[in-house]
Amino acid sequence: MSDILIVDDERDIRELISDIVEDEGFATRLAGNSDDAMAAVNTEPPALMILDIWLKDSKMDGIDILKAVKRDNPDVPVVIISGHGNVEIAVAAIKQGAYDFIEKPFNIDQLMVVIRRAMETSRLRRENLSLKRKDSSTSEMIGNSGAFRTLVSQLDKVTKSNGRVMLTGPAGAGKEVAARYIHANSNRASAPFITVNCAGVAPDRMEEVLFGRESPDRGVEPGLLEQGHGGVVYFDEVADMPLGTQSKILRVLVDQQFTRVGGNDKVRVDLRVISSTNKDLLAEIEADTFREELYHRLNVVPIPVPSLAERREDIPLLAAHFIAEFNANQGLPLRALTDDAQALMQTMVWPGNVRQLKNMVERVLILGEGTAPIEARELPGEEDHSEEEGRVVLSGAMASLPLREAREAFEREYLLTQINRFGGNISRTANFVGMERSALHRKLKSLGVVTSAKSGTRVAHMDDD
């Protein structure tokens, strides 16, 4: 995409234009009919196209070529030239996406001004889209737990392919970060990453948002799929996509083309699709809210994204990363975490997963003062855990138990929490709680606590047998 394609059925005209623009330092390609023009575009899209609207002995006229180019290569600016120009032709060309319209015989200086402006506008548009896509989202993966390493290993296996990936896991676990990681490490990294928030778009607007639209008044308005051409489209929470749209997306996956709302022309796209869901899609299929065929098309490579509870070892690393991020982006204090704060965070319940952890870190930094390390008492909800120094407040259920049962219940919950905090590592747990490893094993057996592998790490739970 570095040269100018000149299309004119008059050899003298196209060679004259070529000589002019080459004198200004641009490379050119020439085409005398629609077949040669489309072949040149399909071989390698030009940086700009100068197109005669009337082409003798051609299957397509200039307007037809313009439509095809803007359909498949919307970033290529097209300057229309014609010796039979009139207002109607100019308006039709502009509505179909032409950058400008110049009548023959043209002024050389005028032509060069239009060419430079068109190429500069195209460059700025690409840069603007690139900046928008970079936004505040990140593809950086943070962690060191067994569950995290298993996830990254699975993601690395799919980065270099074009296979469709289905990311599953609870809300806030980091499914979009995982999708961006795939994109950033793939051969499409320099191409767009487009997020489709399936739950955030009104059902009656979904098709317009995805496929774009055409209208006499506003011309062509590309949708998200067209904007993602050559890159990755990420369907966030795909289970929330309207049923009617699901059938059309299925057709796009099969044909790699679609029709804009209100239009007739087929739009070809080259897309890699990554989807995510926090729902059981097989249950959604049973409930007739999700198409089974679409499920099989999207679920080529299923990858589970673990919850924060399955990777508690990573909580201090994640918290430190968020603190550094908020310091760099918002100027919030750069504070460390005390051991007590880290321990408490690793034992807390996180229904909102990584997203909840990030929000909590931001809250603590905003409400805190100074740059001293963050202490456990600053964490939200910690003030409810104790009323006086040195006292532990019992729950109503615990307070109603006899001492022996209460002690067993406490020991069971305490050891479950500590084992999971250390990723199922019994040696580290024994060292922290101050017990011999063999004694800890005996205690766990007496309390009915066992460990088993899940998502690449070991998780403690009650023995169901």
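Modeller: This is a predicted model in which local features need pLDDT of at least 70 and side-chain atom pairs count only at pLDDT 80 or more, while totals for chains, interfaces and linings use all residues. Residues are numbered from 1 along each chain as its sequence is written, and side-chain values use heavy atoms, with hydrogens and water left out.

Biologist: How are helix α13 and helix α15 oriented to each other?

Modeller: Helices (H or I, at least four residues) and strands (E, at least two) are DSSP runs, numbered from the N terminus. The axes of α13 (residues 315-330) and α15 (residues 353-367) come within 9 Å and cross at roughly 55°; axes are lines fitted to C-alpha atoms, for helices over the stretch in contact, and angles run from 0 to 180 degrees between N-to-C directions. Angles under 35 degrees count as roughly parallel, over 145 as roughly antiparallel, 65 to 115 as roughly perpendicular and the rest as oblique. The two helices α13 and α15 are therefore oblique.

Biologist: How do the residues of the contact of α13 with α15 divide by class?

Modeller: Contact means heavy atoms within 4.5 Å. On the α13 side the residues include Ile315, Leu318 and Phe322, and they meet residues of α15 including Val354, Leu357 and Val361. Ala, Val, Leu, Ile, Met, Phe, Trp, Tyr, Cys and Pro count as nonpolar, Asp, Glu, Lys and Arg as charged, and the others, Gly among them, as polar. The contact of α13 with α15 divides into 10 nonpolar, 1 polar and 3 charged residues.

Biologist: Which residues of α19 make the contact with α17?

Modeller: Helix α17 (residues 403-421) and helix α19 (residues 437-447) pack at an angle of about 120°, with their axes 10 Å apart, and are therefore oblique to each other. From α17, the contact uses Glu408, Glu411, Arg412, Leu415 and Ile419; from α19, it uses Leu440, Lys443, Leu444 and Leu447.

Biologist: How many charged residues are in the contact of α2 with α3?

Modeller: Helix α2 (residues 34-43) and α3 pack at about 10°, with axes 11 Å apart, which makes α2 roughly parallel to α3. Ser34, Ala37, Met38 and Val41 of α2 meet Ile65, Ala68 and Val69 of α3. This contact has 6 nonpolar residues, 1 polar and no charged.

Biologist: Which helix gives the most to the lining of the largest cavity?

Modeller: A cavity is a set of points, on a 1 Å grid over the protein atoms alone, where a 1.4 Å probe fits but cannot get out, and lining residues have an atom within 4 Å of a point. The largest cavity holds about 70 Å³ of space, a volume being the space filled by probe spheres set on points joined across faces, edges and corners. Its lining divides into 1 nonpolar, 1 polar and 6 charged residues, among them Lys67, Arg71 and Asp265. The helix that gives the most, with 3 residues, is α3 (residues 62-72).

Biologist: Which strand gives the most to the lining of the second largest cavity?

Modeller: The second largest cavity has a volume of about 60 Å³. By class, 2 nonpolar, 4 polar and 5 charged residues line this cavity. The strand that gives the most, with 3 residues, is β16 (residues 457-462).

Biologist: Which residue is joined to Lys104 by a cis peptide bond?

Modeller: The bond has an omega of about -10°.

Definitions and conventions
On a 1 Å grid over the protein atoms alone, a cavity is a set of points where a 1.4 Å probe fits but cannot get out, and a pocket is an open set with protein on both sides within 12 Å along at least five of seven lines; lining residues have an atom within 4 Å of a point.
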